[in-house]
Amino acid sequence: MTNHPLKTLIADYSLLNELAENFGTPLYVYSSERLSTNLNRLNQALADNFDRYHICYAVKANSNPHLLKLLHRTLPAIGSDCASPGEIYAARLAGIDPAHSIYTGNYESNEDLKYALENGISINLDDSTSLARLARIGLPGRISFRLNPGFGRGMFPHITTGGEKAKFGVPRDKIAAVYQQAVEMGIHRFGLQCMTGSGVLDPDYFTELLTAILEAAREVEAVTGKTMEYISIGGGIGIPYRDEESPIPIDQLMSSLAKIFFSYYNRNDDNCPALWLEPGKYIIGDAGFILSRVTGLKNSYRKFVGLDAGMETILRPSLYSAYHRFLKVGYPDDEPAGKVDFTGRICENTDRQAIDRPFPAVEEGDLVAIMDAGAYGFAMASQYNSRPRPAEILLTNGQAKVIRRREDLADIYRNCDLE
Ligand SMILES: Cc1ncc(COP(=O)(O)O)c(C=O)c1O
């Protein structure tokens with residue numbers, strides 16, 4: 001029996017069949033209600049424990065401007081966490097104020113830095129060489145650096161972004177010096193940011209991480225003589241991708257984080273820093289799924305179920321062997337009839353969305369839902385093999401709205417002027 005929060009929706013065969021008929025497959029489907037609930041839950045847990053906090057939604061997880069707008073309507077104070085000019089642009093389209101947002105680059109070009117500076121977004125740098133590049137363009141009033149504390153944790157190694165093997169951040173022993181450089185350049189307002197991995201379900205990890213960040217902040221503050229204006233612990237809060245995993249108890253986590261935070265800072269001080277969070281997966285991950293149709297069944301050396309959603313539609317399984325639940329539309333609790341590999345129509349053997357997965361009997365034409373595809377789903381979709389990218393729809397009270405139309409073949413070649 002699956003315990004997925006959208007199970008009732010997946011059991012509604014007539015609604016999902018109608019969506020498939022009206023909008024075609026593969027189709028990204030999002031639930032307004034789930035998206036708002038996730039954001040409100042996190043915001044409440046923060047409000048209960050911190051006087052100053054700020055949520056910057058990680059646009060990289062899903063940059064559809066309609067979804068960004070919905071987040072902004074749900075929480076008008078929300079900011080965005082952006083990794084590129086394109087993400088700053090998307091957040092602006094949705095009305096999210098760049099002044100409430102953060103740009104975290106890595107190995108940024110001069111053009112990237114110029115765009116960020118001109119948009120008035122908080123700039124978070126990955127390295128001292130980024131600071132030197134930025135200085136040639138112009139300097140913001142406030143800056144932060146991304147700390148690599150020397151350790152990291154992710155749901156799997158591919159999405160662990162801290163530690164000695166990670167390409168990100170300023171090493172722990174260089175962090176004070178880079179802020180010193182910024183002071184010498186004339187910057188006097190600071191934040192500190194850290195992001196060491198995605199998909200973490202262990203609350204104790206975040207307390208360990210926050211302690212390491214605050215230790216580093218203390219050392220930096222001794223050098224700059226300034227209290228941090230914000231401390232961002234990045235994103236990384238995981239969601240259950242499997243039935244046997246449990247969601248992180250978010251109230252408890254925020255209460256533990258507050259205890260640590262206020263053992264370093266006096267919450268009554270006027271200049272006590274704000275705690276910033278940059279969640280992606282936690283907000284949008286379980287609010288979206290892919291509605292897909294069985295296109296072919298093959299009994300070879302292995303049993304294959306071919307779907308019209310392949311690695312061009314959802315890359316995570318091929319890219320990092322990520323696990324997504326697959327549910328039979330209309331029958332999410334049906335007993336498995338055997339084990340199958342789910343594949344798509346892409347001419348690659350890594351086009352495998354699940355391997356040896358117990359699944360109920362299916363026939364060509366049946367509908368299958370690929371769950372928890374809201375984050376890093378469409379955002380990572382491609383046109384590989386000249387497959388147009390799918391449509392996206394938003395369900396609100398059971399009513400569907402197209403929030404991105406399906407591409408067609410002409411769209412793929414629109415920029416290749418042949419005249
Ligand atoms: C700097 C930064 N912030 C936030 C996030 C969002 O992470 P998640 O979706 O795990 O919350 C990421 C993801 O890679 C990131 O690199």
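Colleague: In which loop is tyrosine 107 found?
Modeller: This is a predicted model. In it, tyrosine 107 sits in the loop that runs between β4 (102-104) and α6 (110-118).

Colleague: What is the phi of tyrosine 107 near?
Modeller: Its phi is near 55°, which is a positive value in a residue other than glycine.

Colleague: Turning to the peptide bond from threonine 25 to proline 26, is it cis or trans?
Modeller: That bond is cis, and its omega is near -5°. Proline 26 belongs to the loop between α2 (13-23) and β1 (27-31).

Colleague: Let us step back. What domains does the domain assignment give?
Modeller: The assignment gives domain 1, made up of 7-29 + 285-412, and domain 2, covering 32-281.

Colleague: How far apart do the C-alpha centres of the two domains lie?
Modeller: The C-alpha centres of domain 1 and domain 2 are 32 Å apart. The contact between them draws 19 residues from domain 1 and 19 residues from domain 2.

Colleague: Which strands each supply at least two residues of the side of domain 1 that touches domain 2?
Modeller: Those are β17 (391-396) and β18 (399-404). The largest share of that side, four residues, is supplied by β17.

Colleague: How does that side of domain 1 divide by class?
Modeller: The side of domain 1 that touches domain 2 comprises 10 nonpolar, four polar and five charged residues.

Colleague: Now the helices, please. At what angle do α3 and α4 pack?
Modeller: Helix α3 (residues 32-49) packs with helix α4 (residues 65-74) at about 50°, and their axes are 10 Å apart. The two helices are therefore oblique to each other, and the crossing of α3 and α4 is right-handed.

Colleague: Which residues make that contact?
Modeller: From α3 there are Ser32, Leu35, Ser36, Leu39 and Asn40, and from α4 there are Leu67, Leu70, Leu71 and Thr74. The contact of α3 with α4 has five nonpolar and four polar residues, with no charged ones.

Colleague: And how do α3 and α10 cross?
Modeller: The axes of α3 and helix α10 (residues 250-264) come within 9 Å and cross at roughly 35°. The crossing of α3 and α10 is right-handed. On the α3 side the contact is made by Arg41, Leu42, Ala45, Leu46, Asp48 and Asn49, while α10 contributes Ile250, Asp251, Met254, Ser255 and Ala258. By class, the contact of α3 with α10 has six nonpolar, two polar and three charged residues.

Colleague: What about the packing of α8 and α9?
Modeller: Helix α8 (residues 175-184) and helix α9 (residues 203-224) are packed at an angle of about 35°, with 9 Å between their axes. The crossing of α8 with α9 is right-handed.

Colleague: Which residues of α8 and α9 meet?
Modeller: Ile175, Ala176, Tyr179, Gln180 and Val183 of α8 meet Ala216, Glu219, Val220, Val223 and Thr224 of α9. The residues of this contact divide into seven nonpolar, two polar and one charged.

Colleague: One last topic, the ligand. Which of the residues around it come nearest?
Modeller: Of the 19 residues around the ligand, the nearest are Ala58, Ser198, Gly235, Gly280 and Lys281. By class, the shell around the ligand has seven nonpolar, eight polar and four charged residues.

Terms used. Residues are numbered from 1 along each chain as its sequence is written. This is a predicted model: local features need pLDDT of at least 70, side-chain atom pairs count only at pLDDT 80 or more; totals for chains, interfaces and linings use all residues. Domain bounds come from an automatic or database domain assignment. Two residues are in contact if their C-beta atoms, placed from the backbone, lie within 7 Å. Ala, Val, Leu, Ile, Met, Phe, Trp, Tyr, Cys and Pro count as nonpolar, Asp, Glu, Lys and Arg as charged, and the others, Gly among them, as polar. A residue is near a molecule or strand if its C-beta atom, placed from the backbone, lies within 6 Å of it. Axes are lines fitted to C-alpha atoms, for helices over the stretch in contact, and angles run from 0 to 180 degrees between N-to-C directions. Angles under 35 degrees count as roughly parallel, over 145 as roughly antiparallel, 65 to 115 as roughly perpendicular and the rest as oblique. A crossing is left-handed if the near helix is turned anticlockwise from the far one by less than a right angle, and right-handed if clockwise.
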